[in-house]
Amino acid sequence: MLDAAFSIPLVALSDIGRVISLMFIGAGLLWILIRSLRAKEVDRRIVFLFIFIAVAAPILFPITFQERATLIVRKVFDKVESLPAGSKVLLAFDFDPAMAPEVQPMADAISRHCLTKGHNVIFMTLWATGQALLTQSLERVVKGEFPENRDGVDYINLGFKAGNENVLNIIVTDFRMMFPTDVNGVPLDSTSIFDDVRSCKDLDLIISIGGGKPGVKEWVLYVGDRVNVPMGAGVAAVVAPQLYPYYPKQLLGLLGGVKGAAEYESELVRQYPHLEERGTPGLRMMGPQTLAHMVIMAFIVIGNISFFISRRRERKR
Amino acid sequence: MKRQVPIIITFLIGMIMIFSFFIPPLEGLEQTCSLFFDVIAVFAFFLGGGNLMRIHVNKLRRRKKDWGFSIVTLGGFFIMLAAGLLKIGNPGGIAASPTTEGSLLQEIFTYVFLPLQSTMYALLAFFVASASYRAFRAKNREATILLIAAFVILLGRTPFGMLLTGWIPESFSVLQVPNMAIWIMNSPNLAGQRAIMIGIGLGVISMSLRLILGIERTYLGDESA
Amino acid sequence: MKYKSLVILLFIFCAFTLSAAQEDAAPVDTVQVDSILPPAPVSMLTAKDGENDHGHSITLRWALSADDGAGQNSVLSYDVFRWVPFFMDTLQSIGDSLDAAEGAVAEQLRKRRDQAVVMIPQVHKSYPEQGEWRKIGTALSGQASFNDVGVKERESRDYMADHTDYYYRVDAVTADSTVRTASEVVGPVQSYGQLFNTGRIPVFVAVIVFGFLTIFFVVRAKMGTELYVRPLAGIEAVDDAIGRATEMGKPILYVLGLGTAADIGTIASFTILGRVAKRVAEYQTKLIVPCYDPIVMTVAQETVKAAYLDAGRPDDYYEDIVYFVTQSQFAYVAAVNGTMLRELPATNMYMGVFYAESLILAETGALAGSIQIAGTDQVAQLPFFIVACDYTLIGEELYAASAYLGREPILLGSLKAQDYAKAAVIILAALGLLAASLNWTAFINLFSVTS
Amino acid sequence: MRRSTIIVMAMVFGLFILSWIFRSTSLASVQEHYLIGGLKVTFSAFLTLAILSFLYKDNPFYKFAEHLFVGISAAFWMSMGFWTTIVGNLIPRLSRSLSEFFQVPYQPGSYNFVYFIPVILGIMLLMRLSSKYGWFARWPLAFIVGTFAGLNFVRYLRSDFIEQVSATFVPLLVNWQGVGHFISNFSLSASGQFVAIVGNWVIFLGVICGIIYFFFSKEHKGAFGAASRVGIWILMITFGASFGYTVMGRISLLVGRITFLFRDWLNLIS
């Protein structure tokens, strides 16, 4: 049954690697189970080692899965898809390197999608560290993959401003007061992308990608609820559950963690097959995720078995 | 002077922020206050840097434990500060973005800051694993509910869940584990989160009111200093 | 004089060549015109002052052209035009020279501009003479509204005068931008500021009601009315934990988290710290309070000092009970972890604002065999505390705990007000359920906040 | 102890040099400055491993990496704040000549002098560094607190209170078409009425019971107590779900780091 799910490339070496690492992890879990049954403590460094192997093995010997977009993700995708070319989309990169592995894939996927559709994209960030990451993304995705797009016409990078919520509180009525120029010192008035845009009210879609504070919650409170512009979000898995109360009224959709990114990527690749070669980091990450999840579930089961056995022993006494 | 003025400032600014929400002509004032805040926020960064310098210089001077590492901190601080404030190596000169690709600031960010911070957070993966092994036990009814919910989500968020329950026909699709996970997120999770959100929201609202009215003064610190 | 006539000659020459060039291009145009028929115009164009703002904006609404998304499906966008008097060019040129000018000249120009700005409403009265239609913006196909938003600063180029007659027109534009159909003109319309944002009335009502409730109960509590607060498991456990620590002769670790002194969670934590410190002083146990923020540290020091004084043991207090560690998240965690593993405290308390470090702290504390009591209003961290700690104060319980322990009338009063607000939520939710089931939209609309 | 420390140090240093050489040689064909390129990658790998070594136990390598991080991050925030907000927003409103120096467009205005207020407040904030005049910092602090309190008061009231209450106005029966239809379809899609209706009920009852759990001024007894117990179960499902959901996030961070080690440093994968 497992074989059917793993789309195995015809490289014998990685097949062997996969089998060996799976066997190793299985044997190790069995060992932990036996130790736990004997009521012996397992040092947590061994637990650490296991999770390292469970994550590292599928990176070396990739296992890939198919994903199907869930409704909450598809809503964001469909919104980007349904807007006519030339729509103004604001993408906020509100994250730092700490969360980047999780949300960068969705930031890339959404940027790609918007630019493929011909939307005019406004990039900004509320995190100082976000600007440096934004620079990297722009170099890689925007300038690297869409060289025909012009800065200030098809996209613009506003960069970072200090002040968290207060930045949002200003741009909700006036972009130019907060951002007299873009990140390179070009006045907004001289860019065509800002011709018809005075405030957040004049945008067609706002997507905030974040995972901390300030992040999506601040965007909802300070911008989303105040302007009549649809708002989507992509967030780190840590904060996703607490944003559900905003869906679907205050947020049109939500991408949660790497799975959200993987679902978005799968939808994107289905619609635009030529984008597949640009990379699908979210989908690739689901391999290690799956193995790590299985190991963690195994830990929970083992922990509970040993808990019940020790409790029964105590009762017998 | 030391206590009254701050309370008056808090009251005035708080009131401006509240009333401008309802009275459009005050909006400009609110915006200006927000912009003031943004500028002060930068001074708070400077304060952070100043504090850091003070602490580590003190540590060095008094040869406290681990003072050697203070040299590392100060060294990193000054190199980064010079790279940032002077825009060293920035191909676009003074007008360009400080994070232009190729500038020293961006290089240090990419090769030093980024690996450090992201690895620190990556440590959490290990602690999640050890917590699930050690602490996730069905000790009582509440803990059991928590455990089951977590298990369903864990299973449902990976392709493995579909593998196990994919055979369940479409008309009973809610019993497929991934769909169960979606349902839990959309219904009970939403309800619980909303209850917490309303509770915390009320706490924030009530505390804000107390701060503006000057009833709550803890943030001002002690009376004498 | 010679110079001027030369310029005029040059101008005429240019005009001739241009018109000649246009004639050359003309046949190509007609071919395209043949292929795309002019689209149907937009209908029902209305212009209104922007709602609930401080003026300086006009909202246009229209019904889509019949060829937008239907019919020939040829409409690509809508160009929005406003009739602009030539006088506005004069104003612009004053602005241009003002930008370049300095000193006395600038002063004079500024005066001229100020005089000119006052004229704006008047020159708009001359419609349709001495002015022309100018494009002010574009709406994409499918969009049926446009906001013409100006700036209220008179110095700005984008200044839009209130109480001025404006006229608008919307063109349906096809892929060939010369093939377009203009709508009927709408106007005159004036913009003006509103004094109250009517879209936000529900919020205003809530502000008044909640403000009143809070002040009412605070005053009542101050006058001495007893207010009940239910016991919280986590707080009941605190006393036991302190007793246990005393028996074992081990210290108690109190972590205030990463919040600043202005965070609600931290403020609540100060009250709990005060109570814990008092008990600790009474039992003569050792207390350890490592701090992340320097300001939080000074406040915490004061709190602990006062608690020791309160317990009648001011001599037992020493400065190093509360100490500053570092203002870096993971460095702080590493230091606190080190303290836990070295001192092996009997009880660890984590109260306040926590981020990603929550699980690392709680896991290490469990390794050290301590009893752990946590409380935070950071929802994302609650699951970790609940899993890894013995007792956890969930969100609002942290605030309630400080009221329960502090017994201060202010806190008790506002807690009571919050409870009333919650009761209102329950009642409203029940009514809303009925309203939604019976399609009773009037009730639901009461709660819709627009703008 | 001393000797073992020296041996470990020497080994780590040796490995570092070795890695540098290997990495540089593999980069030689692609990059011009391959020596520097190799050093950069090796150094970031070293820092990554130094932090990971904390899992074994606290050690000098971890301390080195962490102290470096503290210094660099403080300076990074300072530089970014200076260039983006001070140079980007403040100087254009204060001085024409400084604007020219920093090459930012000057923004003249009649009331620009008010922008000296945040500068003064900011300088007062910096006075916290002095023990004698530290109390001056309370003024800007009061400004910060006032701004937040005012902004949060109305926005939380709106988004986390009124909007949430009105979002709980859900119909009891969604598109009712009779009992037979109701129980015949358990799919999650729009046609699955059973799931949609039960979902609405769970949201409604869950929110109410959850809020009842957070009632503090009333004893949890009788029906009220029962509702509060249901409330805590709902909260437990919420926390369980959040925990399960979060695992994915935490693992992703590790995937990111290991990918870096394997791809950028060791060149094991492409």
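Trainee: How much area do chain D and chain B bury between them?
Mentor: About 11200 Å², with 82% of it on carbon and sulfur atoms. Buried area here is the accessible area (1.4 Å probe) that two parts lose on being put together, summed over both. Bear in mind that this is a predicted model: local features need pLDDT of at least 70, side-chain atom pairs count only at pLDDT 80 or more, and totals for chains, interfaces and linings use all residues. Residues are numbered from 1 along each chain as its sequence is written, chains are lettered from A and ligands numbered from 1 in the order in which they are written, and side-chain values use heavy atoms, leaving out hydrogens and water.

Trainee: How many residues of each chain are in contact there?
Mentor: Chain D brings 114 residues and chain B brings 118, where contact means heavy atoms within 4.5 Å.

Trainee: And how many salt bridges cross the interface of chain D and chain B?
Mentor: Three, counting a side-chain nitrogen of Lys or Arg within 4 Å of a carboxyl oxygen of Asp or Glu. One pairs B:Glu30 with D:Arg155, and their closest N and O atoms are 3.2 Å apart.

Trainee: Which element of chain D gives the largest share of the side that touches chain B?
Mentor: That's α3(D), with 27 residues. Helices (H or I, at least four residues) and strands (E, at least two) are DSSP runs, numbered from the N terminus.

Trainee: OK, switching to chain C. What do chain D and chain C bury between them?
Mentor: About 4300 Å², 75% of it on carbon and sulfur atoms. D:Phe169, D:Phe216 and D:Phe239 supply 19% of the area that chain D buries there, more than any other three residues.

Trainee: What about the largest cavity, how much space is in it?
Mentor: About 230 Å³. It has 24 lining residues, and among those closest to its centre are A:Asp182 and D:Trp83.

Definitions and conventions
1 Å grid on protein atoms, 1.4 Å probe; cavity = no way out; pocket = protein on both sides within 12 Å on 5 of 7 lines; lining within 4 Å. Points joined across faces, edges and corners; volume = space filled by probe spheres on them.
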